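Colleague: I'm new to reading protein models. Could you walk me through this one, please?

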Amino acid sequence: MSESSREQSGLSLLEVVVLLMIGCTLLGVCFLTSPPPGRAHDGALTWQEGSSLHQLTDWLAFNFKIPTADTIGIKWLIGGVMSALAIIVVALARFLAIRSREREFYLDEGTTTPVATLKKQIDPLAGAQLLLVLFVILSFLSALWSAISMLALGGSLILLGHIFWALAIRFGLNQGGTRWAVIILVTTLLLTALLGIWYATERNPSARMMGYPIGNTLFFAASMLPAILLSLAGIGAAVVKLRKQRSGIALIFAALLVVVVTGWAFQLTDSRGGMVGLAAGCAAMLILAISTTRNRLIALALIGVIGLAGYLIWLQPRIAERNDSVRSRLYAWTYAQELFAESPIFGHGQGSYSLLADSRAVEDVDEDPLPLKNYNHHAHNEWLELLADLGSIGMVMFVGSLLLTFLAATQALHQPLAVGQRWLIIGLASSLAAMCAEETFDVALQIAPFPIIFYTVWGLLWAAIASALPRPWSAEWNRKAAWQTPLLFAVIIPALVLLAGTISDFHANRAHYSVDELLKQRQWTAANAAAEQSWRYRLYPMRRIFARLDHVRTQLTIAHAYLNDYARVLATLQQESMPNEKLRQQAQEYRQQAINYADQAHQQVGEWIALAPALMGAHESAAQANEIHCLLAQLEGRVEEYEAYRQVIVKHYEQELRREPFNAQLVISLLSYAPADIPLSEVINLMCPPMRSGDLPESYFTLYQNLAQQPDLDRDFSPLLNQALASMLPNNSTTQPANPFAPEILRIGSWVAYHRGNLPLAVNYSEAAMQLSSADTRRKIFPYAAAINARELGFLQFSANPNDPQTAVTTTRRSNDYLPGGFEAESIRQRTGLQLVLLLLAAGDEPAADQELPGAQALSQEGMMTELSQQYYRLCSMLMSLPPPLRPGYLADRLQRFDALMLSHPFSTEAQPVPPVWLAQYYWENQQVDQALAQVERALERFGPIQPLQSMIQQMATQLPNHAVIIALQQKLAELSGDTTASQPTSLPSSSSAPVTE
């Protein structure tokens with residue numbers, strides 16, 4: 001059918017159906033989410049009251065009726081189901097059309113050529129499609145040599161869905177349908193950008209866009225590339241038409257609107273890879289738009305100069321700002337290259353990088369923990385990961401398909417095309433090139449929803465080329481019916497498998513989410529079944545790995561629960577005077593269940609360790625499985641077995657610490673099972689690495705306390721401290737300390753001195769550590785260490801001299817100067833902000849403290865005052881914990897302000913009696929008897945005879961037995977002692993306070 005007749009007849013029924021499917025799919029994968037209840041997506045600010053955006057995001061999340069573990073499970077479901085349905089619809093429609101010879105139901109195939117000329121011509125478009133089909137077949141075959149065949153099969157089924165989607169678009173649309181599909185794509189991405197900007201403005205005004213509604217910042221940037229470049233192509237077509245026909249002004253304005261909005265959203269992501277992709281796409285558009293070789297060479301030279309300038313001026317500074325992110329990519333690229341070198345022809349199998357690469361980080365993590373502190377599950381480069389998974393054969397097929405597509409696009413542009421058709425091909429080809437360039441720094445092709453957008457562009461480019469190029473695959477082929485039925489089944493059967501697999505994947509995702517709730521309800525059998533379902537039926541390799549590790553943790557949680565039940569029943573049996581057979585049987589049942597679940601967990605995690613010996617989290621789970629047996633042996637008095645299991649546990653934790661030496665909780669766990677005679681040097685070596693990489697849990701500070709109580713600490717620890725201090729001497733010519741952990745050793749020394757009450761020495765050690773950790777070369781590798789060291793020093797300075805809080809404020813503010821950009825530093829910044837609030841309140845600068853309150857921008861005035869009341873409580877608690885001689889002179893003023901805030905903005909019912917009681921205690925210790933008695937009488941009137949007041953009145957009566965006011969208070973206390981005070985707090989929170997840094 002000619003173009004004119006096609007335009008007269010409009011879109012075919014098949015095209016209308018395909019366009020509807022494209023629109024529904026793009027809208028679904030771009031907008032719908034399936035997060036846990038109450039949390040659509042993370043945001044720096046809390047929701048504003050009555051927010052329309054809040055209502056919209058809840059609605060797009062189905063009001064949290066179908067939550068999934070990864071919050072974007074609905075996107076996977078929509079993408080897989082619609083891909084399967086689309087290929088089935090297109091295959092059936094074309095089959096029926098060919099069989100009935102109803103060409104109106106069919107599509108234009110461009111200008112056809114006789115079959116006899118096939119041997120003399122090369123059809124790059126058909127070659128591109130064939131290579132992509134062979135690529136997915138190779139992916140399925142890789143299950144034969146993959147270490148975990150299920151990973152390869154699941155990843156291949158997802159890949160099959162992507163290929164089906166592109167082929168359905170290619171064979172379901174002609175030229176007119178392609179134009180409408182491009183409009184649908186650009187419109188959907190425009191709406192996505194508007195929602196993203198709205199979300200960023202209301203929820204993250206001072207940070208990078210979190211990625212909503214796409215789900216990831218980098219993927220959001222990559223998804224905006226087609227909208228920007230297709231709009232630029234639309235402007236190019238409109239300018240040409242404007243020059244020739246004086247028409248196209250409306251198109252220019254519409255395209256400019258899309259460029260501005262999507263470009264704004266793109267800029268908010270601050271994606272370096274996305275910017276490289278955009279530059280590559282613009283360069284490709286310029287080259288494709290130029291018709292002469294000479295001008296193309298000039299354009300290439302110009303692009304090279306602009307690219308170099310852009311790298312030096314824009315990209316390089318951003319790389320330096322987030323060098324830990326850059327280093328993590330460099331490590332990932334190295335591991336991918338190593339895996340490729342081990343199996344260069346066929347690779348390790350689809351999805352194998354996600355399992356095998358992380359173990360390789362054990363060689364690098366000691367020297368550079370920051371970029372390797374998380375599980376290395378992606379190569380951050382689509383092409384290197386492809387090489388690792390499917391080797392050079394897979395790379396040749398996939399990249400060959402791309403190159404043949406670009407070759408076909410170039411051939412199409414040499415045809416006599418209409419202006420709109422020409423620029424449509426240019427826009428689609430440049431969009432595809434941009435996304436391919438962006439994938440050099442990302443693996444978005446493996447994570448929803450970006451693959452749908454990528455393969456939509458690819459399929460549309462195929463469809464646009466097909467309507468422009470002469471087709472050697474002429475109608476002669478369509479008249480050969482022998483191949484039609486087998487081909488139909490070859491498409492529909494795997495499509496049905498894809499449909500079933502996608503639905504099973506979604507149910508597994510839902511099951512994964514339900515595990516925690518089932519555990520809370522103590523539905524052990526159901527929780528274990530859900531956890532097992534969550535990994536057996538997941539398709540995406542990385543999610544399957546995580547789900548299986550979570551299954552192991554679920555089994556360990558259940559085992560610990562049964563162990564606790566066994567211990568409880570065993571204790572009851574020991575108290576029984578008469579034998580209780582029923583209880584004894586119940587105890588044995590609990591014991592056996594604990595052993596069964598622990599053994600199952602150990603078996604599963606052992607399989608992972610055999611494949612990836614240093615896989616993050618594997619040895620920790622193995623240690624926890626052995627802990628069940630160890631605790632059972634301890635409970636039953638089997639000393640030898642306890643000792644044997646304890647040694648196994650220590651070995652597993654040691655193995656895990658090779659991969660995670662910066663994990664503070666692992667250090668705590670290992671030391672709890674380590675022998676009592678473990679050398680101090682080993683303890684210090686274990687404690688130092690976690691101090692480099694981030695904030696420490698509160699329980700870590702008990703290690704400092706334990707060290708301070710060691711009788712031989714001075715003998716064993718002093719040489720290490722002296723060696724670290726030697727690095728500070730002026731005559732030390734070395735650029736690095738002899739001990740690489742010198743700053744951390746000094747920080748440990750500062751906390752040991754703190755717990756021993758030697759605050760000046762604690763400050764000196766912390767200052768020395770600060771000098772080392774803030775050095776330029778060290779700060780680039782361990783920026784969090786310098787930031788936390790500054791915060792610790794501020795706290796110690798305040799503890800040593802609470803009358804001078806301003807010095808501590810200045811030091812604490814330096815902490816943020818050392819922090820790098822990015823969200824990983826936000827938790828450290830927030831905790832530093834809390835310490836600043838306390839110090840500013842101590843300094844009497846309440847307005848400045850208001851500004852430092854985390855989330856202050858989102859708090860109402862009422863909420864701000866309540867939060868301030870809570871911070872005064874923390875400050876006064878810390879000051880009251882000091883010995884009376886060390887308490888600052890402004891304490892009475894701060895206690896009075898705390899008292900006033902608790903009257904108007906209480907944050908806790910239990911804390912309400914605290915201010916007058918603390919004021920009474922303060923005045924009494926400072927021999928201000930009248931003020932103390934006034935506070936006690938006031939508290940007694942408000943809160944009744946609570947225990948702290950009874951103790952205080954008794955203490956006062958003992959010291960001043962004949963004081964008239966105290967006698968009156970005793971009489972009043974006696975009168976009130978018969979009142980019902982069950983609703984009143986019987987005791988107050990302790991005035992002792994842990995360090996602010998905890």
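This is a predicted model: local features need pLDDT of at least 70, side-chain atom pairs count only at pLDDT 80 or more; totals for chains, interfaces and linings use all residues.

Colleague: Okay! Which residues is L853 in contact with, leaving aside its neighbours within four places in sequence?

Modeller: L853 sits in the loop between α35 (846-852) and α36 (861-880); helices here are DSSP runs (H or I, at least four residues; strands are E, at least two), numbered from the N terminus. Beyond the close sequence neighbours, the contacts of L853 are V837, M864, E867, L868 and Q871.

Colleague: Is L853 buried or exposed?

Modeller: Buried means under 20% relative accessible area, exposed over 50%, and partly exposed in between (1.4 Å probe, protein chains only). L853 has a relative accessible area of 3%, so the label is buried.

Colleague: Which residues have the most contacts inside the largest nonpolar core?

Modeller: A nonpolar core is a set of buried Ala, Val, Leu, Ile, Met, Phe, Trp, Tyr and Cys residues joined through side-chain atoms within 4.5 Å. The largest one here has 162 residues. Y455 touches, among others, L132, H162, W165 and F398, not counting residues up to four places away in sequence. The residues with the most contacts inside this core are F398 and Y455.

Colleague: How many disulfides does a search of the whole structure find?

Modeller: A disulfide is a pair of cysteine sulfur atoms within 2.5 Å. There are cysteines inside, including C30, buried at a relative accessible area of 0%, and C436, buried at 11%. Still, the search of the whole structure gives a disulfide count of zero.

Colleague: Last one: how many helices are there in the chain?

Modeller: Of the 998 residues of the chain, 55% count as buried. Among contacts with a separation of 6 or more, 76% link residues 24 or more positions apart. The chain has zero strands, and its helices number 41.

Definitions and conventions. Residues are numbered from 1 along each chain as its sequence is written. Side-chain values use heavy atoms; hydrogens and water are left out. Contact means heavy atoms within 4.5 Å.
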